[in-house]
Amino acid sequence: MADLEQDVQVPRFFICPISLEIMKDPVTLSTGITYDRDCIEKWLFSQKNEVCPVTKQVVVDIELTPNHTLLRLIQSWSTLNPSSGIGTFPTPRLPISKTEIVKLLKDSSSKSPHLQMKCLKKLKTIVMENEKNKKLMESVGAADYLAWILTNMDNKMTSSPPAGDVSGVDEFISTGTDEALSILHHLHLSPMSLKSLFGKTGDFVETLTRVMERATSYESRAYAVMLLKAMLEVAEPLKVTSLNPRLFIVLVQILVDEISQKATKATLKLLINVCPWGRNRMKAAEAGAVQVLIDILLDCTEKRVSEMVIVVLDQLCQCAEGRSELLKHGGGLAVVSKKIFRVSSLASEKAVSILHSVAKSSGNRSVLQEMLHLGVVGKLCLALQVDCGRKTKESASEILKMHSRVWKNSFCIPYNLIVSYPS
């Protein structure tokens, strides 16, 4: 550029403040500064900056206004200065505007199935194109439109003929649901929009629950659970303290079906977020979550998934129903004990916490003998001797001391724990 400017002086206002090169598609930001489109879109959307690079003002309106006058000047100058080596710039393709997106969203709410599907497909193409389009769609309230469409389609499906009497309308509803869910998922909504979505559409959690129940597409079920996970992460705590028992049945089925690794992780994360509350723990346990989680743990080789499963199990074993289900499973105590020191420090801490819950609240003689027979007691003794977290050591010591009289004949019980009890 330096050598070029010695021969041909490029007008300063042709230069993008970010790339310091001649702009091919100049657009003006709401702050009044003009940039090359690719550069400012990358700055705002890919790098997730929220301020104008020149003025440092917060960018409130993300719509970029094409600077047609400047573009014509640059094109004319390039034509008149062929020796610059710049060449002529083709007229850039006009980007999608807010007005066009709003029209598509309104038309997608049409009673005409064909128009609705056409609009949904167009919106999907737009949202998949780039990050700027995602933000633009979010800014015009696309999430609320799509949530309304999904709820409306769900209501139509609920009132349709019984299963087995599948009509063309049902097929359209199913396809429309898939498209709307895909768009919502790929919007990558901000926490504020997710919170608004959860709060404004009262029964939207129920809608997503029914979608996960009915959808024939594994992809749609995965999108639904990932969207629900994102919504519940930002929802007000009081709104997630007592969820519908059907939701837990559906989540357990997603784990059983092994839809995808992403869906499994999203489901586990969702359970982690909602099971600190007692009523949710009980519903998850009654839905069969404990048995399924143990089965996953028995076969799982990925440490992150194992860790998440153990965290959920720890929460569920804080209620009587969860502990009962763990003890009913032939491999429950054994696999929890086996994972200590083999996954992560957090997993070890939570695994020992599970054993602590069982020993403290469900530790009858047969359970304690089983713990001794399976080597659980030996693993707890090992926890006292190796370098592990303070909580892990304290819980292990408490369990051993709590039942040392039952296990006193075991060679691994430390003498100090046995003598603390009189014969």
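1. Serine 109 has 23% relative accessibility and so counts as partly exposed (buried is under 20% relative accessible area, exposed over 50%, partly exposed in between, with a 1.4 Å probe and protein chains only). The model is predicted: local features need pLDDT of at least 70, side-chain atom pairs count only at pLDDT 80 or more, and totals for chains, interfaces and linings use all residues. Residues are numbered from 1 along each chain as its sequence is written, and side-chain values use heavy atoms, with hydrogens and water left out.

2. Serine 109 sits in the loop between helix H4 (98-107) and helix H5 (113-129); helices are DSSP runs of H or I with at least four residues, strands runs of E with at least two, numbered from the N terminus. Beyond its neighbours within four places in sequence, serine 109 is in contact with Gln116, Tyr145, Trp148 and Ile149 (contact means heavy atoms within 4.5 Å).

3. Phe13, Phe14 and Trp77 form one aromatic cluster. Rings of Phe, Tyr and Trp (its six-membered ring) pair if their centres lie within 6.5 Å; planes under 30 degrees apart count as stacked, over 60 as edge-to-face and the rest as tilted. Phenylalanine 14 is buried, at 3% relative accessibility. Its ring and that of tryptophan 77 have centres 5.8 Å apart and planes at 80°, so this pair is edge-to-face. Phenylalanine 14 lies in the loop between helix H1 (2-7) and strand S1 (26-28), and tryptophan 77 in helix H3 (residues 68-80), so the pair ties together parts 63 residues apart in sequence. Tryptophan 77 is also buried, with a relative accessible area of 12%.
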